[in-house]
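Hi everyone, thanks for coming.

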Amino acid sequence: MIPPVLPTYNRAPLAFVKGEGSWLTAEDGSRYLDLGAGIAVNALGHANPDLVATLTEQAGRLWHVSNLYRIPEQERLAALMVEHTFADTVFFTNSGTEAAELAIKMARKHWYDRGQPERIEIVTFEGSFHGRSTGAIAAAGSEKMVKGFGPLMPGFVHLPWGDMAALAAAVGPQTAAVMVEPVQGEGGIRPLSDVELREIRRICDESGALLIFDEVQCGMGRTGRLFAHEWAGVTPDIMMVAKGIGGGFPLGAVLATEAAASGMGAGSHGSTYGGNPLACAVGARVMEIVADPDFLAEVNRKGALFRQRLEGLVAAHPDVFEAVRGQGLMLGLKCKIAPADLVREGYAEHLLAVPAADNVVRLLPALTIPDADIAEAVERLDRAATRVAAA
Ligand SMILES: *Cc1c(COP(=O)(O)O)cnc(C)c1O
């Protein structure tokens, strides 16, 4: 019999009732060290006092008004994002998927309005993830996500991950945009190198195609810069943001240059909830905290510490692990065993990690994780790896 909750997830038999920083408390009162952070969502940890204060203050004042009116909290968050990024303008959504939808629409409308309606193709790399809407699964194109849901939205071109020669050949006068994650998340913490990101920018510039970065997972301080593309010194024309931006409150955004967004006038797009006062009050507080250079320096320091410890872990378990991947606090353990086995043994050690493709276990802790919790995490991973090896 189908359960009341549609069974689209293979859930672990764990339920949590309380969170604090990097820790979650289960129904039985036991505590789990959380290295998933709701899949890079709880960027400032659980029940962050600053965010709780911001949320409750706003909740007592005004939750929601329609986008038929000006929304000062939304204007404030948009101004913060424009101040700290390449972007000139921002549209707020409730999720990363919705951000992907708008990014695709915006790129096509840009060319339509410039008298090149044939420029509709969006080029993506294999292993990417942009969400679960019909457009987002067509964009990523993986068999696992699209099977049974056809006919798919046409106009997407899928290339082998990181294949620059294939990209140069595929991008042309029919290309609206290239859409890539600077660091693939679901794809297994696979970063494109700075050289590759610059090459992608160059290929786009040559043909005029727009460049869309999906920073839903790798953005908002996760890699140690506010946005991951900053490491490479290139900027996109359009960027998708979600996950960490709300710190746990559903919020996403599409950031764009004035030129890329030129087609999106009144009536061209909309959202009932997107950018409402409650979400944007929280998002603005997250932005203020994460965009602070001192905060980002701490993410880099913690990331380097964690990485160094993980290199030791990999060396200690050569039958279980192959390598450490990633940057900042977006880390992955490339495994020689099934990643799901390590995640399961992690549960036994009261540690939460997240499996990804390409045989990787993702470690995406709160960006505020204390050094002591990093040390504790590595000890628990060490015991979990010993259990996997013994099984
Ligand atoms: C999670 C994710 C999405 C989809 O975001 P949702 O909020 O689940 O809709 C899109 N792109 C990337 C890179 C993601 O990691």
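This is a predicted model: local features need pLDDT of at least 70, side-chain atom pairs count only at pLDDT 80 or more; totals for chains, interfaces and linings use all residues.

Let's begin with helix α9, which covers residues 277–290. From its first C-alpha to its last, α9 reaches 20 Å, close to the 20 Å expected for its 14 residues at 1.5 Å a residue. Now, how many of the residues of α9 are buried? Twelve of the 14 are, so the helix is largely enclosed by the rest of the structure. Among those buried residues are P277, L278, C280, M287 and V290. And what covers them? The cover includes α2 (49–59), α3 (72–84), β4 (89–93) and α10 (293–316). At the N-terminal end of α9 you'll find a cap, N276, with a side-chain oxygen 3.2 Å from the backbone nitrogen of L278.

Now over to the strands. Take β2, residues 23–26: W23 and T25 point one way, L24 and A26 point the other way, and all are buried.

β2 has a partner in β1, residues 16–20, and the two pair in the antiparallel sense over four bridges. Here F16 has A26 of β2 as its bridge partner. Two residues sit between the strands in this hairpin, where G21 takes a positive phi near 60 degrees.

β2 also pairs with β3, residues 31–34, again in the antiparallel sense, over three bridges. W23 finds its bridge partner in L33 of β3. This hairpin has four residues between the strands, and G29 takes a positive phi near 90 degrees.

That's my tour, and I'm happy to take questions!

Note on methods
Residues are numbered from 1 along each chain as its sequence is written. Side-chain values use heavy atoms; hydrogens and water are left out. The expected span of a helix is 1.5 Å times one less than its number of residues. Buried means under 20% relative accessible area, exposed over 50%, partly exposed in between (1.4 Å probe, protein chains only). Contact means heavy atoms within 4.5 Å. A polar contact is a pair of N or O atoms within 3.5 Å; within protein, one must be able to donate a hydrogen and the other to accept it, and residues adjacent in sequence count only if both atoms are side-chain atoms. Two strands pair if DSSP finds at least two bridges between them.
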